[in-house]
Amino acid sequence: MNSPSDSEPPQARLSSFAERYLPFLPPAVAVILTLPVLGFTYLWDDYNFLTNAMFYQIHDWFPDRVDPFYRPISRGVYFTLLDLAGRDGAAVGHFLNLGFLLVIIFLLGSFTASIAGRKAGLLSALLFAGLGAAPALVGWVSCDQDLLAILFVLIALRFRLERRNVAALAATAAALFSKETTLAVIPALVLFDWIGNRKPCRIWKTAGAYAALIAVWGAIHPAARILIGRGLRGGATGYVGLVGPERWLAHIGKYLLAIFNLPAYNTVPEWPVFGVLLLVFTLVIVRLILLAPRQQADHEGESPWPRSRIMLLGACLALGPLILTSTMIRVWASYYAAFPALGTSMIAGVLLASLTLRGQMALLAVYFTLGMWTRGDVNNPKEITESNFRVVSSALRQVESGFRKLYPTFSSGTQVALSVQARGPGGIYTHMYSFQVLRIWYRDRSIRTVRPESRRPTSGPEVVAVIAPDRDVININVGTLYARSASGREPDYKVCEGAIRAYAMGLAGSGETDAAVQILLHMPEVNPGLRSVHRRMATMFLLAEGREPEAKAVMDSTVALPRGIAIADVCAVLAEQPPNRTYDDVALRAFAIAPDDIAAIRQIMNWFAENRYEDAGLRFARRVQELNPGDSEADAVARKMTALIDERRRAAPAAASVE
């Protein structure tokens with residue numbers, strides 16, 4: 001027996017199919033566009049929030065001045081769930097973020113369709129799905145904060161449309177406790193009935209309810225209290241605080257470029273390797289979406305809201321976040337454009353709906369192509385971009401793989417004296433030390449990763465490891481001085497020698513001078529020059545302990561060094577020193593450099609300054625100032641090093657307090 005649908009003509013069946021499944025096609029576009037980021041690992045702040053979850057720290061759940069940004073939903077709840085997922089947490093985070101993005105696109109299309117018509121709704125959803133910065137929201141797990149705030153705002157808008165005002169207020173509260181940018185769209189929610197040309201008979205009651213919500217939120221939110229107390233100036237709130245006109249005007253311009261998928265970087269992006277394939281698939285779906293509504297164009301009827309009112313609502317949703325983000329956030333990131341894109345997508349969808357099919361297709365093809373282009377490499381590691389996320393993710397995965405090959409497990413309480421010699425893009429240095437990623441990788445809160453020269457006295461297990469310039473991981477047995485690499489290649493002597501030398505510095509700095517001296521005196525030497533450096537370092541540590549006869553015995557069997565080589569060796573030895581201890585005086589003595597040799601001291605000062613060793617550069621600049629008061633070169637170096645130290649302290653990521 002044939003079903004009733006079998007007797008329907010093909011055109012009617014196509015129309016029915018379009019009616020049923022068309023709203024899900026814009027989210028399908030987003031799925032395709034986000035495929036390249038789903039394999040990223042945790043990045044940057046992810047490790048801070050995960051550490052808070054692992055250590056049961058409460059300031060992601062309850063207000064705490066340790067972290068002024070109180071976001072209990074997007075940090076406390078969300079990262080607790082990811083912590084429970086264990087080693088699969090990053091994948092879970094990406095799929096959760098993707099789910100949030102898909103629901104956002106669907107709700108935006110549904111909401112816009114309710115007030116502007118079906119075609120406008122589909123186009124608005126398509127435009128948000130094609131935003132070049134949107135995949136970064138999925139690729140960086142911490143961007144759940146933006147996604148959840150946007151999602152709850154859309155839910156609040158839907159509730160306001162349905163006159164479910166209490167539910168809308170609750171959704172707004174959830175958005176506020178996901179990210180503070182929600183403040184900028186509250187005026188649109190308060191004025192929603194007036195904007196929609198509905199009788200705003202209870203507007204004062206609505207305004208009072210939202211004002212009470214903001215007051216309660218501001219009373220318990222640390223950053224709100226701090227900023228108000230400081231007149232909105234930054235400081236205790238890190239990168240958040242009122243910026244000067246020249247900066248926020250530049251930020252607004254860059255965000256507008258990002259919203260329209262135009263490159264907003266100082267360097268032009270390269271075309272991404274995955275670009276052509278993904279673009280073809282997405283444009284095919286875009287074509288299907290644009291063709292399908294034509295089947296029912298005659299049944300769409302008039303727009304429930306006047307176009308001018310829809311434009312006003314879209315402007316309120318766009319301008320508030322755009323202005324707030326530009327004036328209050330000191331750093332610029334393309335994904336910040338997603339919040340204002342909520343409003344611009346709505347406006348653009350309405351405008352595009354009035355164009356011909358050919359015009360719509362042409363504009364969308366350009367928009368999606370530009371969006372794909374902006375995702376390419378920008379060759380600037382300081383930019384917060386999807387392409388740089390990819391570089392960092394690849395570097396961390398390589399390092400994690402190397403650690404797991406060498407160390408399947410760590411004993412409880414292990415101190416890892418790690419020498420990171422892989423510099424440049426990848427952020428390995430910061431992730432290993434500041435974010436303590438080994439704790440997350442091995443699911444062990446007791447692991448402590450320290451620089452070799454900063455190692456601490458410990459009664460527990462200790463390993464010495466190196467991340468080589470090519471990101472290969474090397475283990476060094478300090479008892480036998482035998483090194484083995486995760487790759488199986490012969491470890492480079494220079495790489496291992498630098499790590500052992502730093503570890504000896506850490507041993508001496510932590511009170512284990514004899515162990516440091518023994519390592520240095522028994523190093524396998526490849527040339528007399530290095531042997532001299534090691535013996536002079538041993539002398540340096542003995543002198544620091546006042547053990548003059550032992551120091552003299554070591555020096556008596558050490559070859560002399562030419563003055564230039566001695567100066568270069570002192571620079572290398574003193575570049576990194578233990579916390580709260582310096583060996584400057586004894587190093588000069590051990591390397592036979594007179595403390596009043598101003599030419600040598602100046603040369604050392606300039607080397608530290610040129611290589612951005614700010615602390616050492618400042619110390620030797622002060623030495624030159626003492627030897628030659630009013631020295632203009634030393635004064636300039638001291639000012640520069642002081643400024644760099646202050647900048648470093650401001651920019652340093654807040655490491656979790658886990659001791």
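## Helix packing and cores in a predicted model

Ala167 is partly exposed, with a relative accessible area of 25%, a value that lies between the 20% under which a residue counts as buried and the 50% over which a residue counts as exposed. Although Ala167 and Ala156 are eleven residues apart along the chain, their C-alpha atoms are separated by 7.2 Å.

Ala156 and Ala167 both take part in the contact between helices α8 and α9. These two helices pack at an angle of about 170°, with their axes 8 Å apart, and because angles over 145 degrees count as roughly antiparallel, α8 is roughly antiparallel to α9. On the α8 side the contact is made by Ala149, Phe152, Val153, Ile155, Ala156, Phe159 and Arg160, while α9 contributes Asn165, Ala167, Ala168, Ala171, Thr172, Ala174 and Ala175.

Helix α8 also packs against α5, which covers residues 89–116, and the axes of these two helices come within 9 Å and cross at roughly 25°. Since angles under 35 degrees count as roughly parallel, α5 and α8 are described as roughly parallel to each other, and their crossing is left-handed. Among the residues that make this contact are Phe100, Leu101, Ile104, Leu107, Leu108 and Phe111 of α5, together with Leu147, Leu148, Leu151, Leu154, Arg158 and Leu161 of α8. The table sets out the classes of residue in each of the two contacts.

| Contact | Nonpolar | Polar | Charged |
|---|---|---|---|
| α5 with α8 | 16 residues | three residues | two residues |

The largest nonpolar core has 144 residues, and the members that touch the most other members are Leu313, Phe403, Met432 and Trp441. The largest share of this core, twelve residues, comes from helix α8, which covers residues 144–161. A second, separate core of 62 residues includes Ala483, Val573, Ala616 and Leu618.

Which residues does Met432 contact, leaving aside its neighbours within four places in sequence? Met432 is in contact with Val399, Phe403, Leu418, Val420, Val437, Leu438, Trp441, Thr449 and Ile467, a list in which Phe403 and Trp441 are also named among the core members that touch the most others.

Is Gln436 buried or exposed? With a relative accessible area of 11%, Gln436 is buried, because buried means under 20% relative accessible area. Arg471, which is likewise not a glycine, has a positive phi of about 75°, and this arginine lies in the loop between β3 (462–467) and β4 (473–477).

Finally, the protein can be viewed as a whole. The chain has 30 helices and five strands, and of its 659 residues 53% count as buried. Among the contacts with a separation of 6 or more, 75% are accounted for by residues 24 or more positions apart.

Definitions and conventions. Residues are numbered from 1 along each chain as its sequence is written. This is a predicted model: local features need pLDDT of at least 70, side-chain atom pairs count only at pLDDT 80 or more; totals for chains, interfaces and linings use all residues. Side-chain values use heavy atoms; hydrogens and water are left out. A nonpolar core is a set of buried Ala, Val, Leu, Ile, Met, Phe, Trp, Tyr and Cys residues joined through side-chain atoms within 4.5 Å. Buried means under 20% relative accessible area, exposed over 50%, partly exposed in between (1.4 Å probe, protein chains only). Helices (H or I, at least four residues) and strands (E, at least two) are DSSP runs, numbered from the N terminus. Contact means heavy atoms within 4.5 Å. Axes are lines fitted to C-alpha atoms, for helices over the stretch in contact, and angles run from 0 to 180 degrees between N-to-C directions. Angles under 35 degrees count as roughly parallel, over 145 as roughly antiparallel, 65 to 115 as roughly perpendicular and the rest as oblique. A crossing is left-handed if the near helix is turned anticlockwise from the far one by less than a right angle, and right-handed if clockwise. Ala, Val, Leu, Ile, Met, Phe, Trp, Tyr, Cys and Pro count as nonpolar, Asp, Glu, Lys and Arg as charged, and the others, Gly among them, as polar.
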